[in-house]
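Subject: A structure for you to look at

Hi there,

Here is the structure I promised you. Have it open while you read, and follow along with my notes below.

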Amino acid sequence: MFIDKLKNPPMKSFPLLSFLRNSFLFLEWTSAIFAVFTIICSLIISPYVLSTPGLKFYTPIYRLQFEPQPSLPPMAYHGAGGGTVALRNVSGTLMVQQTANSGTLLTFVRLRAAYDCLRLILACAIFSLLRQLFDNVKLGEAFSLKSVQLIRRIGWCFAGYAVAASLFASVLDWMIGHDLRQHLTLDHLRTDFVSADAIGGLHFVFNELHLTLDLTIVGVALLGFVLAEVFRQGVLLQQDHDLTV
Amino acid sequence: MPIKLNLEQMMERRGVTLTELARRVDITLANLSILKTNKARAVRFSTLEALCRELRCQPGDLLEFVD
């Protein structure tokens, strides 16, 4: 009897399915709430926070390459808002400390918030699609046209995220670099500024805009499309099975 | 589908209703209806055997190739 249950498990009673489905529901709502919170913070709270006297804001800038020099002295420039930016070379990583509120900084913070919001909204969409997929599986309709559509949409969400993340990151890079380059000349610098959001992947350059497409996310998107095709074949087999008497 | 199942004619000849035949052959009424309306894509040998037994006929009496 145990062997029979193993061969033909009752799908509806799988506790793991219910747990996964409820987990995705929880993550869906959490992402949505965080997205709303991010919007509120960026639009309403951040202007007040940024106008706080003595505020220090660190922007890590990675992948800066310098000519071989024993050390670089700390450099400073006076920003447009009257504050001071100090650059300190720490093992090839420069931390930009901005101590004043400038219009660029607020725009940067809001753009960054929009970027985080987009990620949260996409995460919410993906978790919602996964929840619906597991609802289908619980009903015993794993191989159905609806499941194929859901998996394909998950693939598109990841593809959209890869492109949107790349665009946002490049705009943020450009903003930081443009603002700093207006006030600063760094000696012995081989490459332009690249922000921490730029990660390994396919790299494109359009004038001053650096676009980096994360291959991991693109790979996951492609996996989604491949899985959709597998499920589509499954639907055909399921139809054959249903019409076999 | 070029293969046709002459289930309706055989049922009329033997005077068996769809419900009665479904009960005797031990398949659902829905599945038997699929067979009767020639919407099935495949038939198991076990089902064909049960139909031939209950309708007292040969497989060739039920199955027909239509070009």
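First, a definition: helices (H or I, at least four residues) and strands (E, at least two) are DSSP runs, numbered from the N terminus. This is a predicted model, in which local features need pLDDT of at least 70 and side-chain atom pairs count only at pLDDT 80 or more, while totals for chains, interfaces and linings use all residues. Residues are numbered from 1 along each chain as its sequence is written, chains are lettered from A and ligands numbered from 1 in the order in which they are written, and side-chain values use heavy atoms, with hydrogens and water left out.

**Chain B as a whole**

Chain B has 5 helices and 2 strands, and along the sequence they run β-α-α-α-α-α-β. Of its 67 residues, 34% count as buried. Here, buried means under 20% relative accessible area, exposed means over 50%, and partly exposed is in between (1.4 Å probe, protein chains only). Take the contacts (heavy atoms within 4.5 Å) in chain B between residues at least 6 apart in sequence: 60% of them join residues at least 24 apart.

Let's begin with helix α2 of chain B, residues 18-25, where B:L21, B:A22 and B:V25 are buried. Why do these buried residues line one face of the helix? Seen down the axis of α2(B), they fall within an arc of 100 degrees, so they line one face. The arc is that of the directions from the helix axis to the C-beta atoms. B:T19 and B:R23, on the other side of α2(B), are exposed.

After α2(B) comes B:D26, with a positive phi near 65 degrees. B:D26 sits in the loop between α2 and α3 of chain B, and is exposed, with a relative accessible area of 68%. As background, most residues other than glycine have a negative phi.

Now move on to α3(B), whose buried residues are B:L32, B:I34 and B:L35. Seen down the axis of α3(B), these residues fall within an arc of 155 degrees, so they too line one face of the helix. Their cover includes β1 (3-5), α1, α2 and α4 of chain B. α3(B) is followed by B:N38, another residue to check for its phi, which is positive and near 55 degrees. B:N38 lies in the loop between α3 and α4 of chain B. With a relative accessible area of 32%, B:N38 is partly exposed.

**Where chains A and B meet**

How many residues of chain B are in contact with chain A? There are 11 of them, in contact with 7 residues of chain A. The two chains bury about 790 Å² between them, 53% of it on carbon and sulfur atoms. In chain B, B:R41, B:A42 and B:R44 lose the most area to chain A, together 62% of what that side buries. Buried area is the accessible area (1.4 Å probe) that two parts lose on being put together, summed over both.

The rule finds 1 salt bridge across this interface. The side chains of A:D240 and B:R41 meet in a salt bridge, at 2.6 Å, N to O. A salt bridge is a side-chain nitrogen of Lys or Arg within 4 Å of a carboxyl oxygen of Asp or Glu. α3(B) gives the most to the side of chain B that touches chain A, with 3 residues.

A:S147 is in helix α4 of chain A, residues 145-183, and is buried, with a relative accessible area of 0%. Not counting residues up to four places away in sequence, A:S147 touches A:L133, A:N136, A:E141, A:A142 and A:F231.

A:A114 is in helix α3 of chain A, residues 103-138. At 33% relative accessibility, A:A114 counts as partly exposed. A:A114 and A:T38 are 76 residues apart in sequence, yet their C-alpha atoms are 8.0 Å apart in space.

Enjoy exploring!

Best wishes
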